[in-house]
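Please look over the chain below before reading the briefing that follows.

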Amino acid sequence: MSEAIAVEDLEVPTEPGSPVIQARELARWYGQVVGLTDLTVDIPTGITGLLGPNGAGKSTFMRLLTGQLHPSSGSVWLLGRNPVFQPEVFHEVGFCSEDDALYDDMSALDMVTFLARCAGFDAKEARERSAQALERCGMAHAMDRRCGGFSKGMRQRTRIAAALVHDPKLLLLDEPMTGLDPVGRRDVVDILEKFAAGGGSVLFSSHILHEVEAVATHVAIMNKGMLLAEGTLGQIQEELEDYAFTLQVRCSDTRALAKALVEHEHVVSVAFDGDDGASIASSSSRALTEELPRLALALGIEVFEFSCPGEDLETLFQRLMR
């Protein structure tokens with residue numbers, strides 16, 4: 001028998017700026033198979049990408065959020081409410097699953113209207129809302145066409161329109177860009193960015209790094225049912241242990257700076273780029289970023305610019321997966 005949930009677990013206090021999703025020691029297992037284990041995370045407002053390889057637990061987490069699965073242990077809240085015991089929260093949540101579930105014989109307008117009617121709107125309001133949602137998703141020109149003749153991108157935009165038809169505060173999307181061509185991915189990104197700009201929040205899952213990096217302001221990285229890291233790209237980098245690092249610098253005297261740096265054990269190489277540029281490779285990101293400003297100041301060298309080539313989400317993901 002499932003353990004009874006405490007009354008205090010039904011809701012958590014919310015105020016402006018509160019996380020839109022909160023999970024505490026959330027776990028789900030299927031017999032002997034662990035789908036999710038001890039997940040504790042706060043998903044903030046804005047656009048968050050849930051990143052991980054196939055089998056990382058992303059879809060299990062999405063199903064727990066949408067009430068399709070009950071937790072084996074732990075708690076989860078959407079907009080301050082428990083989705084299992086307070087399903088009314090879904091009046092404020094839109095969901096687009098990874099399943100391409102459209103009735104091919106129905107037009108896009110009829111399909112979205114049908115789903116709006118299922119959400120409780122009367123016939124007139126459902127049709128009006130559906131037309132508006134399809135227009136928001138760039139489907140106004142094709143809303144009277146049958147879904148069976150749509151491209152993958154058009155089908156996805158229709159499904160997102162269905163998730164938006166009731167004006168949710170939170171949008172959940174499971175692998176929304178899988179199988180789309182570059183134009184289709186850009187269309188989805190535009191929809192998500194406009195929704196967030198209007199005050200909505202988004203959580204979308206993906207196993208493709210550049211998809212997450214292209215749109216997410218916040219990232220949660222999962223593997224084998226566990227949360228590896230979460231935060232902005234900069235925050236996650238700060239939490240990592242020391243790692244090899246390359247820094248490009250433009251300054252007033254690259255030769256003097258290079259001569260001082262190569263005396264340190266962690267500096268692997270220095271390559272010059274023109275009169276004022278240098279690329280410095282180090283085995284210690286922390287040592288380099290701490291010592292370079294100190295040396296430049298001591299030598300009276302003016303630093304014009306510095307950058308970190310290759311320090312993107314893919315690099316970060318590879319470090320976390322080691």
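Leu 79 counts as buried because its relative accessibility is 17%, where buried means under 20% relative accessible area, exposed means over 50% and partly exposed lies in between, judged with a 1.4 Å probe and protein chains only. This is a predicted model, in which local features need pLDDT of at least 70 and side-chain atom pairs count only at pLDDT 80 or more, while totals for chains, interfaces and linings use all residues. Residues are numbered from 1 along each chain as its sequence is written, and side-chain values use heavy atoms, with hydrogens and water left out.

**Backbone angles**

- Leu 79 is found in the loop between strand 4 (73-78) and strand 5, where helices (H or I, at least four residues) and strands (E, at least two) are DSSP runs numbered from the N terminus.
- The phi of Leu 79 is near 50°, a positive value in a residue other than glycine.
- Most residues other than glycine have a negative phi.
- Glu 175 also has a positive phi, of about 50°, although it is not a glycine, and it is found in the loop between strand 6 and helix 5 (182-197).
- With a relative accessibility of 9%, Glu 175 counts as buried.

**Salt bridges**

- The structure holds 17 salt bridges, a salt bridge being a side-chain nitrogen of Lys or Arg within 4 Å of a carboxyl oxygen of Asp or Glu.
- One of them joins Arg 24 to Asp 42, with the closest N and O atoms 2.9 Å apart.
- Arg 24 lies in strand 1 (residues 21-30) and Asp 42 in strand 2 (residues 33-43), so this pair ties together parts that are 18 residues apart in sequence.
- Arg 24 counts as partly exposed at 31% relative accessibility, and Asp 42 is partly exposed as well, with a relative accessible area of 28%.
- Arg 155 forms a salt bridge with Asp 100, and here the closest N and O atoms are 2.9 Å apart.
- Because Arg 155 lies in helix 4 and Asp 100 in the loop between strand 5 and helix 2, the pair ties together parts that are 55 residues apart in sequence.
- Arg 155 counts as buried at 10% relative accessibility, whereas Asp 100 is partly exposed, with a relative accessible area of 36%.
- Arg 136 forms a salt bridge with Asp 167, the closest N and O atoms being 3.6 Å apart.
- This pair links distant parts of the chain, since Arg 136 is in helix 3 (residues 123-136) and Asp 167 is in the loop between helix 4 and strand 6 (170-174), 31 residues apart.
- Salt bridges that share partners join Glu 125, Arg 129, Arg 136 and Asp 167 into one network.
- Arg 136 itself counts as partly exposed, at 41% relative accessibility.

**The largest pocket**

- About 660 Å³ of space lies in the largest pocket.
- On a 1 Å grid over the protein atoms alone, a pocket is an open set of points where a 1.4 Å probe fits, with protein on both sides within 12 Å along at least five of seven lines, and lining residues have an atom within 4 Å of a point.
- Grid points are joined across faces, edges and corners, and the volume is the space filled by probe spheres set on the points.
- The pocket is lined by 23 residues, of which Phe 95, Leu 115, Ala 162, Ala 163 and His 166 lie nearest its centre.
- Strand 5 (93-96), helix 2 (108-118) and helix 4 (152-164) each supply at least two residues of this lining.

**A nonpolar surface patch**

- Tyr 103, Phe 114 and Leu 115 form a nonpolar patch on the surface, with about 280 Å² of accessible area together.
- Patches are made of residues with over 30% relative accessible area and no salt bridge, and nonpolar side chains (Val, Leu, Ile, Met, Phe, Trp, Tyr) are joined within 5 Å, like charges within 9 Å.
- Accessible areas come from the Shrake-Rupley method with a 1.4 Å probe, and for residues only the protein chains shown count as cover.
- Phe 114 is found in helix 2 and is partly exposed, with a relative accessible area of 37%.
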